[in-house]
Amino acid sequence: MNRIPMERKVLSENDRIAAELRDTYERNGTLCVNFISAPGSGKTALLERTLAGYDPGRRVAVLSGDIQTDNDARRLARYGFPVRQIATGGTCHLDARMVQSALEGWPLESLDILFVENVGNLVCPTSYDLGERARVVVLSVTEGEDKPLKYPATFYRADLMVLNKIDLLPYVPFDATLAHENARRVNPRIEIVNLSCTTGEGFHEWDRWLEAQRAPTVAVG
Ligand SMILES: Nc1nc2c(ncn2[C@@H]2O[C@H](COP(=O)(O)OP(=O)(O)OP(=O)(O)O)[C@@H](O)[C@H]2O)c(=O)[nH]1
Ligand SMILES: [Mg+2]
């Protein structure tokens, strides 16, 4: 049995829709950021604290993906920005079609940033381009510093690794320097921000990184 051709077909269809989404985002000047992590690393917590720091007029919105429940969308909606939940009903990742459907009727031209929280999973979401400009992988200090080596594709394809829950470092045996080294071994280009969604430490650096993604690309030469 050979499953590869079918998988290729699904992925190429996904790539086609992702390219349409990317065009739409670029046309509207919307920065789309795709968040990937294992369940519970703190994707929603990172978004909650990020939204909490924004002025009410800020042009941001969130799509939140989970297999079941709208818990995350309800958590995020408390900050007053548009939020929609994508319940995949069993699928372990978001795909571009799910995002495209969830965006129906949403005026993207009025959005500067669209955050997409993927389904908690360090494997499946990796292969699915959602048309995002930036991809963030969240690793928390309770997961072990070897995860970049065990799930290299996810870290290889990320632009930024957020090392979350650093408030717990005094209580768990976790070597942050080694986690950084492991991430850079699989992806020498990866940027890294250490932070705590509980204390807010590291959020200036996170905000700076996010703002830098919004900046228009400057042509050299
Ligand atoms: N101590 C500590 N706990 C945190 C931090 N960030 C998140 N948590 C806790 O970790 C748990 C999971 O956080 P979530 O934000 O729900 O994680 P998630 O990645 O969105 O989880 P899924 O959407 O289920 O994949 C919650 O109990 C959070 O309060 C942090 O910086 N420090
Ligand atoms: Mg979540």
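Trainee: Which residue lies over the face of phenylalanine 203, and what makes that count as a charge over a ring?

Mentor: That's arginine 49, at 5.8 Å from the ring centre. A charge sits over a ring if NZ of Lys or CZ of Arg is within 6 Å of the ring centre and within 35 degrees of the ring normal. Arginine 84 also lies over a ring face, that of tryptophan 106, at 4.7 Å from the ring centre. Keep in mind that this is a predicted model, where local features need pLDDT of at least 70, side-chain atom pairs count only at pLDDT 80 or more, and totals for chains, interfaces and linings use all residues. Residues are numbered from 1 along each chain as its sequence is written, chains are lettered from A and ligands numbered from 1 in the order in which they are written, and side-chain values use heavy atoms, with hydrogens and water left out.

Trainee: Why is the pair of phenylalanine 35 and tryptophan 206 called edge-to-face?

Mentor: Rings of Phe, Tyr and Trp (its six-membered ring) pair if their centres lie within 6.5 Å; planes under 30 degrees apart are stacked, over 60 edge-to-face, and the rest tilted. Here the centres are 6.0 Å apart and the planes at 65°, so the pair is edge-to-face. The partners sit 171 residues apart, phenylalanine 35 in strand β1 and tryptophan 206 in helix α8. Helices (H or I, at least four residues) and strands (E, at least two) are DSSP runs, numbered from the N terminus.

Trainee: What makes tryptophan 206 and tryptophan 209 a stacked pair?

Mentor: Their ring planes are at 15° and their centres 5.8 Å apart, so this pair is stacked. Both lie in helix α8, three residues apart, about one turn of the helix. Ring pairs link Phe35, Phe115, Trp206 and Trp209 into a cluster.

Trainee: How do you know whether tryptophan 209 is buried or exposed?

Mentor: Buried means under 20% relative accessible area, exposed over 50%, and partly exposed in between (1.4 Å probe, protein chains only). Tryptophan 209 has 5%, so we call this residue buried. Phenylalanine 35 is buried too, at 0%.
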